Amino acid sequence: MAVELVKGNDALLRGAVLAGCRTFYGYPITPSSEIAESAAALLPQLGGTFVQSECEVGAIQMVYGAASAGERVMTASSSPGISLKLEGVSYLVGSELPAVIIDIMRGGPGLGNIAPAQGDYFQVVKGGGHGDYRLIVLAPNSPQEMCDLAMLAFELADRYRNPVVVLSDGFTGQMMEAVEFPVPVTSIPPKDWAVRATPETSGNLINSIRLMPEDLEEHVTALFEKYASIEAAEVRYEEVQTADAELVVVGYGIVSRLLRAALARVRDQGLRVGMLRPITLWPYPSQRLAELAETASGFLVAELSTGQMVEDVRLAVNGRRPVAFHGRYGGAVPSVDELVKAIEAAYPAEGRSA
Amino acid sequence: MSTMTGGAVLQWPESLYRTFHRKPGGGQESTHYCPGCGHGVLHKLIAEAMDDLAIRERTVFISPVGCSVFGYYYFDCGNVQVAHGRAPAVATGIKRALPHSVVISYQGDGDLAAIGTSNILHAANRGEPITVFFVNNAIYGMTGGQMAPTTLDGQRTTTSPRGRDTMDTGSPLRVSELLSTLDAPVYIERVALTDAKHIMTARRAVRKALKAQVEGKGFSLVEVLSPCPINWKMDPAESKAWITDHLMPAFPLGVYKDVLAEREPQTRLAPQLALDKVAELFAAEPSVERTGEPTWDGVADRYREPQVKIAGFGGQGVLFLGSLLANVALRRNYHVTWLPAYGPESRGGTANCNVVISAEPVASPMVTEPSVLMALNAPSLERFEPTVTPGGVIVYNSTLISKTPTRQDVEVVAVPATAIADELGETRAANLVLLGAYLAHTGMFSAAEVEATMDQVLKSHGMLELNRQAVARGFAATT
Ligand SMILES: Cc1ncc(C[n+]2csc(CCOP(=O)(O)OP(=O)(O)O)c2C)c(N)n1
Ligand code: SF4
């Protein structure tokens, strides 16, 4: 069978194309620019739209426009650009518009640097824009998943009429690995709510204003009922050797691959260590972590940040087990050796004797 | 509250709802605008033009943030309400998705000329074929009378309580003049909503601007000097006089740009799925045909499961060498990852990449302790030699590296790669010579396998023969 070695960023854009996305608005920023470059190369050849916007604020509003018109539309950026997009994200949510936003995270705060990081967890997973809202957040850890989760992102965005973020990092975007591309989506479900400049849709309104408090409260309540259904149906994660694990390590994106290498080493030393890798960062696999807290004696979270996702693990574990943390940040990435040591240090004493 | 009177309006336009069902309370006939406000008048002019041009059902009206935030209460067409200042960006997204639509971006002076300055400037400069109605009332109406970019010199507002000091806050921004310096816009005119005569001119301008879009001509904008009696603290009649006496001198009326006659209509098509074309483009990407089992048969234990670091200066084909090695392995069904150093690490003319080849799925693509180092220049050897694992392999370009590796616990293969490449007439083929030497030394893959891979993944076959020779010379160099 023919197989391709593909960069994560390219795989992602091609996944979007396979999902039926023909519209891209964005502003260049390392390390996400390749996605815009691929879009500029590919989409016009398909009769699609590529616009390099004046800034990220503009890009996300162009996305708002295209989404209002019922297009499958995306934008891609990296951390500082995502900060700028959050105004538009709040409006997308308020108007219940589907859109796909890619964040190839880099080091912050401020201009920081362009090395891989995971410091955007708070701004993407917990909010960052104004108001009560949630974003569906997907965290790929390979070029194959960059493609697959990009496709899924469009499907979920349309299904729930909510923006979806693919939260990745410079390494996953830059690395090449074998990718098998799925078959393309052949039709996109009609969106009868969209404003399509037709007689049938000319009565439609895309709007986030609810002037009366009781109306806005009702609207937000409906949004959160929708979020409850997403939490019930869309949690995704990968588990590795958790059945007998004394210690469960938790990491997403590129960190999960480093942890996996460390896992192989500590298993060879006889430590019973497993891994839970969240694929959806929201909805979060809290339930599964709570279950694992019954069987494992401790947790270790590793992130390319000073500790953001660890808060969700601690909430899920709810004080029943110790949750250790190992973070590198500012663009630094832990070595496998370093993670092995962190695992050894976090390994529960009772597990050692058992 | 006011009704939409003001001009010599005889008939109620079809393009406006008769009663405003979206307004809280529902079904009213009064608007939310103050008596004497210009917004209602302009709404009616726009709606009449929509009627005349028979475009109601394909019009998308964008309501901004400002007093006209509730434009969708009134216009009986597709409606999109947007964030403050961003209407031209949203309009871009709608118009490009729906080229047949007529998109109206309706904006106040705070919205367009302050917070949204960059969005309007760039939409105009791209020549988005949309129509912008720009209500210049020299003040922020909705938020209670603060200073706008268009506020006049000396004009008192709640945030310029001593009168606008232009030395401190800038001069009134003349948007029509500014935008008419751009190449793309096709029609820009400034009008005023004062007396019947001026309203007739405004009516013509509104129609012309929409017609420009219907005909696919490009970006058009009508700036409308419009009364805000409430915040000007005047009655409606005084407001009109103030426009004539004070606003018009600062913002002269007239046509600032009109190239409608000379512009050809543009045609853009709505995005299509074009699945045939997708299949074609995907098929054109380089891929390898997988053959064989990833068994490491015939490869000495110490060379199996290599963690490879390849380094040199930019232009030596370091990244290509890595991806070719990865593809050769992929073709043989191994699991591979390739990770380049990017950003600051790759600045200053150096480049390096990591390749991991394994019979099992690769965990980490990062190579911090390589079992193989291919060094194409001296700084690379210097930098990475200490990181090589004991028992590892260093293959280096002895043409450019005079200082030999000092490590005693690794295998060292010296290859005059650049000299050999020069003999072949192509300095840049040194990378392939080094690859050949590495593969020959370790017995990992044959020259024929490299050749077969190049055949499949290289887009241009022009250099194939030279590449083949370079690999072959590399294989020969170690024997
Ligand atoms: C991001 C943001 N900043 C500020 C505001 C508050 N705001 C609402 S309308 C407005 C100014 C409106 O003035 P203008 O655009 O001139 O329209 P008018 O009300 O005069 O018609 C401001 C500052 C907002 N809604 N959003
Ligand atoms: S505040 Fe001014 S602009 Fe707003 S509705 Fe009243 S008169 Fe019109």
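**Figure 1. Chain B as a whole.** Chain B contains 16 helices and 14 strands. The model shown in this and the following figures is predicted. Along the principal axes, the C-alpha atoms of chain B occupy a box of roughly 100 × 50 × 45 Å. The radius of gyration of chain B is 35 Å, whereas a compact globule of 479 residues would have one near 23 Å. Of the 479 residues in chain B, 56% are buried. When contacts between residues at least 6 apart in the sequence of chain B are considered, 66% of them link residues at least 24 apart.

**Figure 2. Chain A as a whole.** The secondary structure of chain A consists of 13 helices and 16 strands. The C-alpha trace of chain A spans about 75 × 50 × 40 Å along its principal axes. For 354 residues, a compact globule would have a radius of gyration near 20 Å, and the 21 Å of chain A agrees with this. Buried residues account for 65% of the 354 residues in chain A. Among the contacts of chain A between residues at least 6 apart in sequence, the share that joins residues at least 24 apart is 79%. Chain A has an accessible surface of about 11800 Å², with 52% belonging to carbon and sulfur atoms. Its side chains include 28 positive and 42 negative ones, and the centres of the two sets lie 4 Å apart.

**Figure 3. The interface between chain A and chain B.** Here 77 residues of chain A are in contact with 68 residues of chain B. The size of an interface is often expressed as the accessible area lost when the parts come together. Between chain A and chain B the buried area is about 5700 Å², and carbon and sulfur atoms give 66% of it. Three residues, A:Leu5, A:Glu54 and A:Ala197, supply 10% of the area that chain A buries against chain B, which is more than any other three residues supply.

**Figure 4. The surroundings of B:Ser15.** B:Ser15 belongs to the segment that comes before α1 (38-53) of chain B. The relative accessible area of B:Ser15 is 0%, so this residue is buried. Leaving aside residues up to four places away in sequence, B:Ser15 touches B:Ala47, B:Met50 and B:Asp51, as well as B:Arg56, B:Tyr74, B:Phe75 and B:Asp76.

**Figure 5. Two cis peptide bonds in chain A.** One cis peptide bond joins A:Thr30 and A:Pro31, with omega about 5°. A:Pro31 is placed in the loop between β2 (23-26) and α2 (33-42) of chain A. Another cis peptide bond joins A:Trp282 and A:Pro283, and its omega is about 0°. A:Pro283 sits in the loop between β14 (280-282) and α10 (286-295) of chain A.

**Figure 6. A positive phi at A:Gln241.** A:Gln241 is not a glycine, yet its phi is positive, at about 50°. The residue is part of the loop between β11 (237-240) and β12 (247-250) of chain A. With a relative accessible area of 42%, A:Gln241 is partly exposed.

**Figure 7. A positive phi at B:Ala138.** B:Ala138, which is not a glycine, has a positive phi of about 60°. Its position is in the loop between β4 (131-136) and α5 (166-169) of chain B. B:Ala138 counts as buried because its relative accessibility is 0%, and buried means under 20%.

**Figure 8. The surroundings of A:Glu239.** A:Glu239 lies in strand β11 of chain A. At a relative accessibility of 28%, A:Glu239 counts as partly exposed. Not counting residues up to four places away in sequence, A:Glu239 touches A:Met275 and A:Leu276, together with A:Arg288 and A:Leu292. A:Leu18 is 221 residues away from A:Glu239 along the chain, and the C-alpha atoms of the two are separated by 28 Å.

How values were computed:
Residues are numbered from 1 along each chain as its sequence is written. Chains are lettered from A and ligands numbered from 1 in the order in which they are written. This is a predicted model: local features need pLDDT of at least 70, side-chain atom pairs count only at pLDDT 80 or more; totals for chains, interfaces and linings use all residues. Side-chain values use heavy atoms; hydrogens and water are left out. Helices (H or I, at least four residues) and strands (E, at least two) are DSSP runs, numbered from the N terminus. The radius of gyration is taken over C-alpha atoms; the globule rule is 2.2 Å times the number of residues to the power 0.38. Buried means under 20% relative accessible area, exposed over 50%, partly exposed in between (1.4 Å probe, protein chains only). Contact means heavy atoms within 4.5 Å. Buried area is the accessible area (1.4 Å probe) that two parts lose on being put together, summed over both. Accessible areas come from the Shrake-Rupley method with a 1.4 Å probe; for residues, only the protein chains shown count as cover. Lys and Arg count as positive and Asp and Glu as negative; His and the chain ends are not counted. The place of a charge is taken as NZ of Lys, CZ of Arg, CG of Asp or CD of Glu.
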